[in-house]
Amino acid sequence: MFHRNIKLILAGLLVVAGVWQFTENNIGNGIFLILLTAIPIFLYFKNEFILLAFLKLRKQDFEGAKKWLSYIKNPEAALVRKQQGYFNYLHGIMLSQTNINQAEKHFKKAIELGLSMDMDLAVAKLNLAGVAMSRRRKLEATNLLNEAKKLDKQGMLKEQISMMKDQMKKI
């Protein structure tokens, strides 16, 4: 796992090497090296281990996702702010199956750090609403459900939100 600034240094070195190849009249090599700089820049903004963990979660392989996330030893140094949010979001999703207290901490931290997509933010708030409802904090759960409903523009969570609202009427 590389520090996030090492990826930028690597991209800079590739640009310098590409310019050097241009000066040596090796145009093809220079173009290739300039195009190759896209990889470390992409990996600066989209961490490779988080991407692999998302792929494992799509297949419902929680152990595989946990394995990929365990490669990130120091998230504050290795990840930019939004990636840290997704790091906590993924941990929250995995822990929501087993330990709801730890999941709540990770979801709150993910919301605090920020998530890029409204759908991910809606899922995090929906899970926090479920935690609040299980602890009989009806007002907090209602507020979180309303925020999740506003963020769910495609209507993918409509059924879960209505089911939680029906459960809250019983409390």
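This is a predicted model: local features need pLDDT of at least 70, side-chain atom pairs count only at pLDDT 80 or more; totals for chains, interfaces and linings use all residues.
1. H7 and H8 are roughly antiparallel to each other, and the reason is their crossing angle: any angle over 145 degrees counts as roughly antiparallel. Helix H7 covers residues 81-95 and helix H8 covers residues 100-113; their axes cross at roughly 160° and come within 8 Å. The crossing in which H7 passes H8 is left-handed.

2. Here are the residues behind that pairing. On the H7 side, the contact is formed by Arg 81, Gln 84, Gly 85, Asn 88, Tyr 89, His 91, Gly 92, Ile 93 and Leu 95. Their partners in H8 are Ile 100, Gln 102, Ala 103, His 106, Phe 107, Lys 109, Ala 110, Glu 112 and Leu 113. Sorted by class, the contact of H7 with H8 has eight nonpolar, seven polar and three charged residues.

3. The axes of H8 and H9 cross at roughly 140° and come within 10 Å. As with the previous pair, the handedness is given: H8 passes H9 in a left-handed crossing. From H8, the residues Ile 100, Glu 104, Phe 107, Lys 108 and Ile 111 meet Leu 121, Ala 124, Lys 125, Asn 127, Leu 128 and Val 131 of H9. This contact of H8 with H9 comprises seven nonpolar residues, one polar residue and three charged residues.

4. H7 has a further partner in H5. The axes of H5 and H7 are 11 Å apart, and the two helices pack at an angle of about 150°. H5 and H7 are therefore roughly antiparallel to each other, and H5 passes H7 in a left-handed crossing. H5 contributes Phe 62, Ala 65, Lys 66 and Leu 69 to the contact, while H7 contributes Phe 87, Leu 90, His 91, Ile 93 and Met 94. By class, the contact of H5 with H7 divides into seven nonpolar residues, one polar and one charged.

5. Which residues touch the most other members of the largest nonpolar core? They are Ile 50, Leu 69 and Tyr 89, in a core of 39 residues. At least two residues of this core come from each of helix H4 (48-58), helix H5 (62-70), H7, H8, helix H9 (118-134), helix H10 (138-151) and helix H11 (158-170). H9 gives the most, with 10 residues. As background, nonpolar side chains tend to be buried together in soluble globular proteins.

6. Setting aside neighbours within four places in sequence, Tyr 89 is in contact with Phe 54, Phe 107, Ala 110, Leu 115, Asp 120, Val 123 and Ala 124.

7. From C-alpha to C-alpha, Lys 7 and Val 19 are 19 Å apart in space and 12 residues apart in sequence. Asn 5 is also placed in helix H1, but at 37% relative accessibility Asn 5 counts as partly exposed. Asn 5 and Ala 38 are 33 residues apart in sequence, with 15 Å between their C-alpha atoms.

8. Is Thr 37 buried or exposed? Thr 37 counts as buried, at 9% relative accessibility. Its place is the loop between helix H2 (27-36) and helix H3 (38-45). Not counting residues up to four places away in sequence, Thr 37 touches Ala 11, Leu 14 and Val 15.

9. Finally, two backbone entries for your checklist. Asn 25 is not a glycine, although its phi is positive, about 65°. Asn 25 lies in the loop between H1 and H2 and counts as exposed at 65% relative accessibility. Arg 136 also has a positive phi, near 60°, in a residue other than glycine. Arg 136 is found in the loop between H9 and H10, and Arg 136 is exposed, with a relative accessible area of 62%.

Terms used: Residues are numbered from 1 along each chain as its sequence is written. Side-chain values use heavy atoms; hydrogens and water are left out. Axes are lines fitted to C-alpha atoms, for helices over the stretch in contact, and angles run from 0 to 180 degrees between N-to-C directions. Helices (H or I, at least four residues) and strands (E, at least two) are DSSP runs, numbered from the N terminus. Angles under 35 degrees count as roughly parallel, over 145 as roughly antiparallel, 65 to 115 as roughly perpendicular and the rest as oblique. A crossing is left-handed if the near helix is turned anticlockwise from the far one by less than a right angle, and right-handed if clockwise. Contact means heavy atoms within 4.5 Å. Ala, Val, Leu, Ile, Met, Phe, Trp, Tyr, Cys and Pro count as nonpolar, Asp, Glu, Lys and Arg as charged, and the others, Gly among them, as polar. A nonpolar core is a set of buried Ala, Val, Leu, Ile, Met, Phe, Trp, Tyr and Cys residues joined through side-chain atoms within 4.5 Å. Buried means under 20% relative accessible area, exposed over 50%, partly exposed in between (1.4 Å probe, protein chains only).
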